[in-house]
Amino acid sequence: MKNIVLIGMPGCGKTTFGRYLAELLQMDFIDADPEIEKDAGKTIPELFAVSEDWFRQCETATVRRLAGLEGKVLAMGGGVVLRPENIRALKETGVVLYLDRSPDDIAGDVDMAYRPLLKGGTGRVYELYDQRHRLYEEAADITVPNRGTRKEVLKALLEAGRKIREESK
């Protein structure tokens, strides 16, 4: 069975909705960020303190490992799309869903202190969105807007997830 891979901006809801989706589809959920920390033996802020490039190298190694799994809901970090090899690996065993949330909504309710790339504040959210939105769209097999209520977004994700499960049996 194919993996369901969630991509999108930091704060777009990948972890929150990924957990819900996995539970409803009776699949295992894996969040890439704790997996990167486990594999590297350091926290994400510690990896970024070395350099963003070092973090991206660690991320790519973890992505390769996670892409080797089957039948999981995977929530990727926001920058996974910055390396094409990450997306290629994820698409080998998965279908990529872009959870598209507006930068206004992200800036309005995300605690940026815990997200290394958003520490620049609200302006940084818009800058990252401008840099990455096209990459997310290009990488995605399906785009799911995160613009309605939680129930509406979850319903759209669940429909996509059920379709993926049926097609991959």
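## Briefing: sheet order and helix packing

Ile4 stands opposite Val73 in strand β3. Three bridges join strand β1 (residues 3–7) to β3 (residues 72–75), and these two strands run parallel. The model is predicted. The protein averages a pLDDT of 90.

**Confidence**

- In the protein, 92% of the residues score a pLDDT of at least 70.
- Confidence is highest in strand β2 (residues 28–31), with a mean of 98.
- Confidence is lowest in helix α6 (residues 103–109), where the mean is 81.

**The sheet**

- Five strands make up an open sheet. Their order is β2-β3-β1-β4-β5, with parallel pairing.
- β2 and β5 (142–145) are the edge strands, and each pairs on one side only.
- From one strand to the next, the twist averages 25 degrees.
- Helix α5 (residues 84–93) lies across β1, β3 and β4 (94–100). Relative to β4, α5 runs at about 120 degrees.

**Helices α4 and α5**

- α4 and α5 pack at an angle of about 10 degrees, and their axes are 8 Å apart.
- Angles under 35 degrees count as roughly parallel, so α4 and α5 are roughly parallel to each other.
- On the α4 side, the contact uses Glu59, Thr60, Val63 and Ala67. They meet Glu85, Asn86, Ala89, Leu90 and Thr93 in α5.
- By class, the residues of this contact are four nonpolar, three polar and two charged.

**Helices α2 and α4**

- Helix α2 (residues 32–40) packs with helix α4 (residues 52–67) at about 105 degrees. The axes of α2 and α4 lie 9 Å apart.
- The range from 65 to 115 degrees counts as roughly perpendicular, which makes α2 roughly perpendicular to α4.
- α2 brings Ala32, Glu35, Ile36, Asp39 and Ala40 to the contact. Their partners in α4 are Phe55, Cys58, Glu59, Thr62, Arg65 and Leu66.
- The contact of α2 with α4 has six nonpolar, one polar and four charged residues.
- Glu59 of α4 is listed in the contact with α2 and also in the contact with α5.

**Helices α1 and α8**

- Helix α1 (residues 14–25) and helix α8 (residues 150–167) pack at about 50 degrees, with axes 10 Å apart.
- α1 and α8 are therefore oblique to each other.
- The crossing of α1 and α8 is right-handed.
- From α1, the contact takes Thr16, Phe17, Tyr20, Leu21, Leu24 and Leu25.
- From α8, it takes Arg150, Val153, Leu154, Leu157, Leu158, Gly161, Arg162 and Arg165.
- The residues of the contact of α1 with α8 divide into nine nonpolar, two polar and three charged.

Terms used: Residues numbered from 1 in each chain as written. Predicted model: local features only at pLDDT ≥ 70, side-chain atom pairs only at ≥ 80, totals over all residues. Heavy atoms only, no water. Axes fitted to C-alpha atoms, helices over the stretch in contact; angles between N-to-C directions. Helix = DSSP H or I, 4+ residues; strand = E, 2+ residues; numbered from the N terminus. Parallel < 35°, antiparallel > 145°, perpendicular 65-115°, else oblique. Contact = heavy atoms within 4.5 Å. Nonpolar A, V, L, I, M, F, W, Y, C, P; charged D, E, K, R; others polar. pLDDT = per-residue confidence, 0-100. Pairing = 2+ DSSP bridges. Left-handed = near helix turned anticlockwise from the far one by under 90°.
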